Amino acid sequence: MWSRIKPKKMYLNIFMYSCIAVSLLTLVFTVFLSQQFAKSAMDETDKSNQVKINQIVKTSEFTLQKLRQFALRIYSDQSIALWINMGKDEYSPLTLDKAATSVRGFMSSEPFIRGIYLINFNIDQIYTSESSIYTTKDFYDQTMLDYIKNQKTPYLQYVNHEVGGESFLALVVPASGPNQNFQGFVAILFSKPLLNENMLQISADDPNKIYIEGKNKEFILGNTDPALTQALMEIDKSAADQGWKWNFGNETWSIQSERFPVEGWNIYHMAPISLWQAKVAKIRIQIIGSSIFLLLALLLYLFWQSYRSLKPLSDLVSQIRSKLGKEHAILQASNAGNEMAWIHSGFHSLVEKIEQLDSSIKSSKALVKDDFLRQWILNSKSSKPIEEFIRNQTQILETGSFRMAVIRLESYGRFEEQFDFASRKLLRFALGNIMVEVLSNHGFVAETVDFGSDHIVALISLSTSEEEMALAIGAMDDVKVQISRWLKLEVHAAISSVLDVEENLQIIYNQLYELTLMGFINHEDRVFTSDDLERYERGKDSDLDEALLKQVIQSVQLKNDKALEGYLDHLTLHMQELSYQECKLQLTHIIYSIMKSFKNYKTFQGMKSIHSFLEQFATLGEVKAWLYQVMLQTIEQNRKKNASSRKDEVAAEMIEYVRNHLHNPMLSVDDIAAHVSMSVNYARQIFKDQFNCSLSDYITDQRIEHVIKLLTTTDWTVADITEQSGFQTKSTFFAAFKRATGMTPNQYRMGKT
């Protein structure tokens with residue numbers, strides 16, 4: 001059934017599978033994205049609400065504390081205090097008039113206040129902010145008098161209070177100290193609507209609700225309606241987390257809660273989930289619509305790409321079928337309808353014919369030429385038959401002189417791991433062909449020789465140009481570029497000076513090969529010449545600094561990664577003047593010594609395996625970077641094994657805290673100990689053990705160093721510097737500075753300028 005539906009053309013077949021894959025991926029991605037968005041939106045909403053409720057708590061606590069202080073100011077007013085403490089024998093209408101004037105002043109200065117009662121039980125009078133005087137019997141707010149008489153909770157605590165059908169937040173201030181008989185009181189009524197609007201930041205168009213619950217589960221403040229308020233009062237909220245969901249009526253609420261630390265009230269921020277769900281649903285529809293549009297665009301693009309890129313392959317298959325004929329073996333195979341099978345079969349047939357043609361064309365003369373060139377390079381002297389053959393069969397000696405060039409593959413160890421023997425041979429053959437073609441484009445005739453390892457040797461005829469050396473170097477640079485472009489391989493190159501037939505080519509060949517290894521040492525990416533050989537002569541007697549190697553190992557043992565990097569740089573600095581073999585030998589010794597010091601015998605099996613391992617690196621810098629990372633891993637492993645690592649971290653954390661709070665004159669050892677969650681004595685002991693210095697002395701020393709820095713780098717006054725350096729007094733600062741430097745600050749500044 002599927003074979004009948006499945007398209008025969010490859011581009012249609014691939015397009016169909018691509019459509020299925022893209023559609024499934026788009027569907028999964030759309031569902032995942034919408035779900036993640038919904039979850040993220042809900043989390044962000046809860047987080048935003050929690051931030052808001054925390055801010056409301058801070059603002060409310062600040063406002064309530066300010067109102068409490070304002071109430072104390074009312075009580076402490078001389079006129080009011082005199083009236084509420086006055087006895088019957090001291091009664092004076094003038095005193096009441098002064099108290100009334102003060103009450104009116106306080107009423108006008110604080111908008112939250114809706115009423116003030118001055119209560120004096122001694123004279124059985126109550127004065128209200130409405131300029132009315134009552135006795136305790138005819139006072140209209142008997143509830144307040146009962147509250148004051150039966151008060152069991154501490155004064156200066158906010159309580160709910162209703163009078164005249166309106167609810168207020170009340171605060172009572174007694175006229176005498178605790179544990180005494182109170183006879184005079186100041187009672188203040190605060191407007192709940194104003195507190196809701198200004199303190200809780202509640203607006204009429206806000207769908208969210210705020211509910212503040214008192215210690216006795218009573219409603220204090222908020223914008224919840226009576227039904228919602230009653231339901232909230234009845235549910236058990238003690239087991240609820242800080243954020244929870246609650247169903248009431250036809251709505252589900254997302255509730256965030258917090259506690260007033262001073263008042264002991266609980267505040268609940270309630271957000272209707274239906275509003276959030278409507279917004280999320282709208283965005284989900286937009287995501288799905290965008291995904292559908294994107295899917296259609298992708299399918300259209302896939303069809304166009306399949307038609308443009310793969311239809312020519314279907315046309316090619318038709319041509320291959322006609323060329324191979326109806327009796328080809330693939331027609332009897334099970335995959336006769338597979339276009340890729342026809343392409344593979346056609347390509348295989350083409351390769352076979354090319355190999356047959358190549359074998360028939362390649363004569364014994366070419367093999368003899370390669371062999372003679374190889375002998376000429378490897379022998380110290382060329383024989384007459386070889387010389388005559390090269391003169392007659394090549395153009396190398398056409399001008400009587402020539403040059404030798406060597407290109408070497410970078411990181412040959414990785415090259416061997418990546419390609420098998422046949423592939424390596426084919427790539428070296430391609431290297432030689434590219435080299436000959438590029439040199440020919442630059443006007444040089446060349447013959448290449450493959451020695452079966454990591455390099456190719458070329459013998460290059462001289463040109464007639466006066467700038468022949470510069471042209472030859474430019475041609476070799478182009479060889480490197482073209483090899484990198486076409487074969488994706490990086491090579492190093494070296495070229496000799498002018499040679500003649502009498503030269504000892506074996507020595508020249510060895511020198512040029514050594515020159516191609518210089519890129520490993522000094523990271524230079526250029527064509528090396530015979531003039532660069534002087535570098536090797538300078539570095540021949542440069543031995544490895546064993547003392548510095550010990551410092552590298554000690555820095556690992558001491559877990560000092562900063563010192564490690566510096567020591568490693570100094571240890572390898574002289575290697576830039578060494579030959580490749582000497583450099584590789586010293587690197588092998590370094591790696592072996594480090595692995596032996598830390599008993600790491602699993603990575604390498606002796607020096608021979610290290611020597612082979614180094615062939616994977618292209619430059620000395622790569623080896624150094626790898627070695628640095630290995631030692632950092634060793635440091636990290638040792639840190640985990642070291643039981644005292646926690647003390648190191650705590651000491652470092654204390655130093656960082658001191659530096660960040662150095663300007664604070666109130667900085668103390670107690671603060672530092674609290675920051676690291678330790679007792680003061682233990683914090684002192686850890687710091688003393690780690691740095692052999694007391695924590696107090698360290699703070700003083702750091703402040704003195706900061707003062708010295710400001711004295712020498714700024715033109716600030718000594719008074720400004722004293723303030724910025726955390727000293728509590730000038731005398732303390734001058735004494736500490738004189739003790740540390742032997743001079744006054746001005747003397748020190750003058751001496752440094």
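1. Let's start with how the chain holds together: among contacts between residues at least 6 apart in sequence, 61% join residues at least 24 apart. Contact here means heavy atoms within 4.5 Å. Please keep in mind that this is a predicted model, where local features need pLDDT of at least 70, side-chain atom pairs count only at pLDDT 80 or more, and totals for chains, interfaces and linings use all residues. Residues are numbered from 1 along each chain as its sequence is written, and side-chain values use heavy atoms, with hydrogens and water left out.

2. Next, the overall make-up. The chain has 29 helices and 17 strands; helices (H or I, at least four residues) and strands (E, at least two) are DSSP runs, numbered from the N terminus. Of its 753 residues, 41% count as buried, where buried means under 20% relative accessible area, exposed over 50%, and partly exposed in between (1.4 Å probe, protein chains only). The accessible surface comes to about 42,400 Å², and carbon and sulfur atoms account for 54% of that. Accessible areas come from the Shrake-Rupley method with a 1.4 Å probe, and for residues only the protein chains shown count as cover.

3. F303 lies in helix α8, which covers residues 273-324, and it is partly exposed, with a relative accessible area of 35%. Together with L12 and Y307, F303 makes a nonpolar surface patch of about 260 Å². Patches are made of residues with over 30% relative accessible area and no salt bridge: like charges are joined within 9 Å, nonpolar side chains (Val, Leu, Ile, Met, Phe, Trp, Tyr) within 5 Å.

4. Is S254 buried or exposed? S254 counts as buried because its relative accessibility is 1%. This serine is found in strand β10, residues 251-259. Leaving out residues up to four places away in sequence, S254 touches M42, D46, W244, K245, H269, M270, A271 and I273.

5. Strands β13 (residues 446-450) and β14 (residues 455-461) pair in the antiparallel sense over five bridges; two strands pair if DSSP finds at least two bridges between them. D450 has I456 in β14 as its bridge partner. Four residues sit between the strands, and G452 takes a positive phi near 75°.

6. Finally, the salt bridges, seven by count. A salt bridge is a side-chain nitrogen of Lys or Arg within 4 Å of a carboxyl oxygen of Asp or Glu. One of them joins E468 and R403 at 2.5 Å, N to O. This pair links distant parts of the chain, 65 residues apart: E468 is in helix α14 (residues 468-487) and R403 in strand β12 (residues 401-409). E468 is buried at 7%, and R403 is buried at 5%.

7. Another salt bridge joins D569 and K624 at 3.1 Å, N to O. D569 is partly exposed at 35%, as is K624 at 28%.
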